[in-house]
Amino acid sequence: MKQIESYVDEVYHNVGGNKKDIEDLKAEMKNHLLEAVHELKSEGKSEQEAIEIAINRFGGENEMRSVIGQLFKAQKVFAKWVLYLALICLITTVTPFGVIWSLEEQNARENSIVATKIFDVLDGKRAISKDMEEEIKGLVQGTDQISQIEIYNVSNVDNNNLVFDYVRDTKPDYRYEQKVWNPEWLQADFFPYGNGDGKRWYVEMETRHIGSLMSIILFSGMAVYITLFTIWATVNAYHHKRLNIGWVIVFTLLNIVGYLLYFLVGKRKVPA
C-alpha cells in the first residue's frame, strides 16, 4: 500500500505543528484509508480501484492538504492568541497594582513624616497658638491623602490606656479637615492614624487608603489571567494527547509551575 503512504505523506507535507501530533494523525488517516481499501476489495474492487476510490472519498490530495493545513494553522493561531491575551492581562494587572501599591507606600511614609513634624511643632508647648495652627494646617495641605487631623491635649489623662476613651469623648484642641481626591471609582476607605508623644499631645489623622481597588484589580485580573493560561495549557495538553482532569487542576492551581511540571513529565517520557 505504498500509494496510501505516499498520499498521506503528501497531504501532511509542509504542515507545521507538533511532530508527534502529526505522526499520530498520519497513522490514523492511514488506518482509515486501509480499512476503506479492504472493505472495497471485499466488495469486488481491484486493489488499484479500491485505493483510488478510498482516496477520492477523503477528498483528494490537494483538498485534504488545504483542509489539514488550515486546521493546524487555526489551532496554532487560537492557542497563540489565548496565550497573548493571558500575558496582556497579567501585565495590565501587575502594572496598575504595582503603581497603586507604590503610591500607598509613599503615602504611608508621608503620613509618618507629617505626624513627626506635627509633634516637632507641638514639642514643649502647653497650648496650640495661631501660628502653630497655620504651620500644622500647611503640613496637612501638603498632602493629598490626609483628609482630617485632630489634636488633643491629653496631659490630664493619668493612665495611657484611657487616652483612646478620652479622645473619643472629648472635643479636640485643634481640628482641620480638607477634601482629598476621591472619585467613586477609586473605592477609597478612610482610616484613623493616631499617635501620641507620651506626655501631652495625641494626634489623630484620617487618611485615604485604596486597598479595595488594589484587591479588585489583583483578584479580577489574576482570575482572568489564570483562566486564559489554563485554557492555553489545556489546548496544548489536548493536542499532545495528554489531557486529563489532573493536568487541568495542576494548570489552574500552579499556573506556570504546573505547565513546567507537565513539560518535564512529558520530556522524561520521550526517551522511553
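Predicted model: local features only at pLDDT ≥ 70, side-chain atom pairs only at ≥ 80, totals over all residues.
Residues are numbered from 1 along each chain as its sequence is written. Local features need pLDDT of at least 70 and side-chain atom pairs count only at pLDDT 80 or more, while totals for chains, interfaces and linings use all residues; side-chain values use heavy atoms, without hydrogens and water.

User: Is Gln148 buried or exposed?
Analyst: Buried means under 20% relative accessible area, exposed over 50% and partly exposed in between, with a 1.4 Å probe and protein chains only. Gln148 has a relative accessible area of 16%, so Gln148 is buried.

User: With which side chain does the side chain of Gln148 make a polar contact?
Analyst: A polar contact is a pair of N or O atoms within 3.5 Å; within protein, one must be able to donate a hydrogen and the other to accept it, and residues adjacent in sequence count only if both atoms are side-chain atoms. At 3.4 Å, the partner of the Gln148 side chain is the side chain of Glu150.

User: Which kind of aromatic pair do Phe251 and Tyr262 form?
Analyst: Rings of Phe, Tyr and Trp (its six-membered ring) pair if their centres lie within 6.5 Å; planes under 30 degrees apart count as stacked, over 60 as edge-to-face and the rest as tilted. Both Phe251 and Tyr262 are buried. Their ring centres are 5.5 Å apart and their planes are at 80 degrees, so the pair is edge-to-face.

User: Which residue lies over the face of Tyr262?
Analyst: Tyr262 belongs to one aromatic cluster, whose members include Trp232 and Trp247. At 3.8 Å from the ring centre, the residue over the face of Tyr262 is Arg242.

Definitions and conventions: Lys NZ or Arg CZ within 6 Å of the ring centre and 35° of its normal.
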